[in-house]
Amino acid sequence: MAEPIYIFTDGFLRRKDNSLVLETQEGNRHIPVENVSEIKVFSEVDLNKRLLEFLTEKNICVHFFNHYGYYVGTYYPREFLNSGLVVLKQAEFYLDHRKRMFIARKLVESSIKNMIGILKNYDKEALSETVNDLSKHLESAEKCDTVEQLMAIEGNAKEVYYHSFDKIIKVEEFQFERRSRRPPENELNALISFGNSLLYTTVLSEIYKTHLDPRIGYLHSTNNRRFTLNLDIAEIFKPIIVDKLIFTLIKRKQIKAKDFHESVEGIVLKDSAKKLFIQSFEEKLKETVYSKSLKRQVSRRTLIRMEAYKLEKHILEDESYEPYVE
């Protein structure tokens, strides 16, 4: 079964016959291309045109992260499931205010519902006020008239939600304080940013396997940023994949304060901790949950692609969109 490949060692990534070879000072690593679903690069890796042509032929995305673990860009091969109809319908649903608002509102509501669901798994008494506040934001989302209002409500809901992390984690060296991105001002913010970057690229790779164009989002405005639809879908899964994973790793003391260091980019994870986080992230994506629509167990990675399929069906007006809520 094809799986993501993560590269942390400097070297040269080449095509050799019908496989990939990572050439490093420590030796060569041969990677059967049939086993690769996507590639995520965290080191200094040289590529050539011949390799990119091969990756395009095999429909493999390559995501690049800088030295600090921040996402910097993607080699997104030519779409192999092109559909002019789907692109036109995506644009129609973006340009039609009522249709766009329906999707954007659904995304925000599902995101908040999944935040509430996560909190209910922990100290119910200590978190009851937070749950009530999030429920009020959920009600407010139903009354919004613009996407900008929805974005504001989502932002406010996240602030309320993030401030509950201290009550869940209860570890002095991991204090939320406030959400800070680039640079993250503390260890918890560094974990959130790193996990979200992994999720954004994972969602992007799953969108690539559908007819959807990732440049047309509905909650996040389509603009000069190359991709926005992956940001939309990621909002649904951040609480149940990234945040839940962070709680687990800290509570089990698998990641500690010593696994971070200060840099010009703020507080960042050391490479050993990045690898541990990535391993745990992939295990989380392989976990299965029951799908009511398919009436069987499916992995969380499959749920992400199913979310894209549901959006596609909605814009083709085959089926009204109902996002995943755990």
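Which residues form a negative surface patch? I looked this up before anything else, keeping in mind that the model is predicted. The patch consists of Asp 10, Glu 26, Glu 44 and Asp 46. I checked where Glu 26 sits and found it in the loop between β3 (19–24) and β4 (27–32). Its relative accessibility is 66%, so I put Glu 26 down as exposed.

**Positive patch.** Lys 253, Lys 256, Lys 258 and Lys 270 come together in a positive patch on the surface. Lys 256 belongs to the loop that runs between α8 (229–251) and β9 (260–263). I noted Lys 256 as partly exposed, because its relative accessibility is 33%.

**Salt bridges.** I got a total of 20 in the structure and went through a few.

Lys 238 pairs with Glu 235 at 3.1 Å, N to O. Both are in helix α8, 3 residues apart, which is about one turn of the helix. Buried or exposed, I asked myself of Lys 238? Lys 238 is buried, because its relative accessible area is 6% and the cut-off for buried is under 20%. Glu 235 is buried as well, at 3%.

Glu 282 bridges to Arg 301, with 2.9 Å between the closest N and O atoms. This pair ties together distant parts of the chain: Glu 282 is in helix α9 (residues 271–286) and Arg 301 in helix α10, 19 residues apart. I have Glu 282 as buried at 11% relative accessible area, and Arg 301 as buried at 15%.

Lys 284 and Glu 287 make another salt bridge, 3.6 Å from N to O.

Most residues other than glycine have a negative phi, so I went looking for exceptions. Asp 17 has a positive phi, near 55 degrees. I found Asp 17 in the loop between β2 (11–16) and β3, and it is exposed, with 59% relative accessible area. Glu 317 is not a glycine either, yet its phi is about 60 degrees. Glu 317 falls in the segment after α10 (300–315) and is exposed at 52%.

**Cysteines.** How many disulfides did I count? The count is 0.

Terms used
Residues are numbered from 1 along each chain as its sequence is written. This is a predicted model: local features need pLDDT of at least 70, side-chain atom pairs count only at pLDDT 80 or more; totals for chains, interfaces and linings use all residues. Side-chain values use heavy atoms; hydrogens and water are left out. Patches are made of residues with over 30% relative accessible area and no salt bridge: like charges are joined within 9 Å, nonpolar side chains (Val, Leu, Ile, Met, Phe, Trp, Tyr) within 5 Å. Accessible areas come from the Shrake-Rupley method with a 1.4 Å probe; for residues, only the protein chains shown count as cover. A salt bridge is a side-chain nitrogen of Lys or Arg within 4 Å of a carboxyl oxygen of Asp or Glu. Lys and Arg count as positive and Asp and Glu as negative; His and the chain ends are not counted. The place of a charge is taken as NZ of Lys, CZ of Arg, CG of Asp or CD of Glu. Helices (H or I, at least four residues) and strands (E, at least two) are DSSP runs, numbered from the N terminus. Buried means under 20% relative accessible area, exposed over 50%, partly exposed in between (1.4 Å probe, protein chains only). A disulfide is a pair of cysteine sulfur atoms within 2.5 Å.
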